[in-house]
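Me: I would like to learn how to read strands and their neighbours in a protein model. Could we go through an example together, slowly?

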Amino acid sequence: MLKRKIQVQLEEWKRTRNDKCLVITGARQVGKTYIVRKFSEENYASYIELNFIENPQLANIFRDRLSADSILSAIRLYFPEKEIIPGNTLLLLDEIQECSNAITALKFLAADSRIDVIATGSLLGLRYKGNTSYPVGSVDYLSMHALDFEEFLWAVGVSGEIIEQLRFCFHEKTPVPYAVHSKMMEYLRQYMVTGGMPEVVEKFVTEHDYYAADVIQRRIYRDYLADIARYADPNIKIKAEKCFRSIPLQLSKENHKFQYSVVEHRGNAKKFESSLDWIVNADMAAPVMNVSRVEYPLAAYAIDDNLRLYNTDIGFLICTYDFSLKKALLEDEDFFDSTLANPVLKTAKGGLYEALVADMLIKNGHEDLFFFRNEPGTVELEFLLNSPSGVLPVEVKAGRSGTKSLNSLLKNEDILFGYKLADQNVGIKDKKITLPLYMAMFI
């Protein structure tokens, strides 16, 4: 049974519900339904689940009157074996994007004290499925991703004491003991290979079989492609799939800028921009925008059509290569410093590190990410974050080379400090803080 951080947020919502339903959004198969079921087992005497994909006829419950009384009466007819216990019943409206009337009904269900209501659905469905009267003011939201690196560590049995030791080293800027550091880099390579999709991690944890996990991972990747065919408008579905499939090629280039010409020969923004927006809104990928100036707020200086695109789960990027890349990651502790005979793997390595850090930042709640690359290409910072102290630059190094770009930016008096993420231990020199890659989970 996988432990998820969102469990704490669910408990907080239950405690302070304030006449609001909860909508959990996120990509498909990240564990939304699973976590609600687990939450209900621990907190409610009665649980009712309506899945609008598995049982489309359940939409009839919301076909006519949308009052709470009418809906609960219909639920009793469909589920006579279920008891509605006032104040102790959780109703899950699963895949709610398939029933627009159910979305509207959240407004009426929110104020009913007899039941608590959680709805789950993918962002693409909620935003693109039909004409819906949305229940503004009656809903709280939670966004859910696949397992982050810390949740992965929980799954493989790393103790909370060890993680707190790492957190202490991060905050106090003290080196991690060598034995712990070495083991954490090993776990990080495992995380890159498996990614964070719950079904994949569960298979790996229970069977310790990378090949078995790989089969599931590639099946889920194909499921994502099938989701594009299912949900996207006919005029963009093929183009959206091409954009999604192009991510590994985009990140294999020396300049990782997303280029429509890589998606298709002579491709351009006019043809593909809406398709790119679609996969971003579906939580299948996340954009990182280039900025013209490294100043707060970064969004004010974002450059249109100058972005990098990363998978929201590192495992989806890794599985687009053949299994030899996974084998190299697992077996070679100096993989990213090695000279690789395979030109595809050699070209991919820098993009893999960046994609790993993007995965960790996205899952840690950084909704808006930026990078900086000046026109000559002489200064390049992989990530820029808005922080309470202003702009926070993050440079990612595949090896142990210098940080010319970060050093240059840190000369700016308005930038208080910056991070170098690499296969190195914790260190600090003036305004530059060196962190091992796995500590991106704390940023």
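Reply: Let us begin with a hairpin: in the one formed by strand 12 and strand 13, two residues lie between the strands, and Asp430 takes a positive phi near 55°. Strands here are DSSP runs of E with at least two residues, numbered from the N terminus. Please keep in mind that this is a predicted model, in which local features need pLDDT of at least 70 and side-chain atom pairs count only at pLDDT 80 or more, while totals for chains, interfaces and linings use all residues. Residues are numbered from 1 along each chain as its sequence is written, and side-chain values use heavy atoms, with hydrogens and water left out.

Me: In which sense does strand 12 pair with strand 13, and over how many bridges?

Reply: Two strands pair if DSSP finds at least two bridges between them. Strand 12 (residues 427–429) and strand 13 are antiparallel, with three bridges, and Ile428 stands opposite Ile433 of strand 13.

Me: In which sense does strand 11 pair with strand 13?

Reply: Strand 11 (residues 418–422) pairs with strand 13 in the parallel sense, over five bridges, and there Leu421 has Leu435 as its bridge partner.

Me: How should I read the two faces of strand 13, and are they buried or exposed?

Reply: In a regular strand the side chains alternate between the two faces of the sheet. In strand 13, Lys432, Thr434 and Pro436 on one side and Ile433 and Leu435 on the other are all buried, where buried means under 20% relative accessible area, exposed over 50% and partly exposed in between, with a 1.4 Å probe and protein chains only. Because five of the five residues of strand 13 (residues 432–436) are buried, this strand is largely enclosed by the rest of the structure.

How values were computed. Helices (H or I, at least four residues) and strands (E, at least two) are DSSP runs, numbered from the N terminus.
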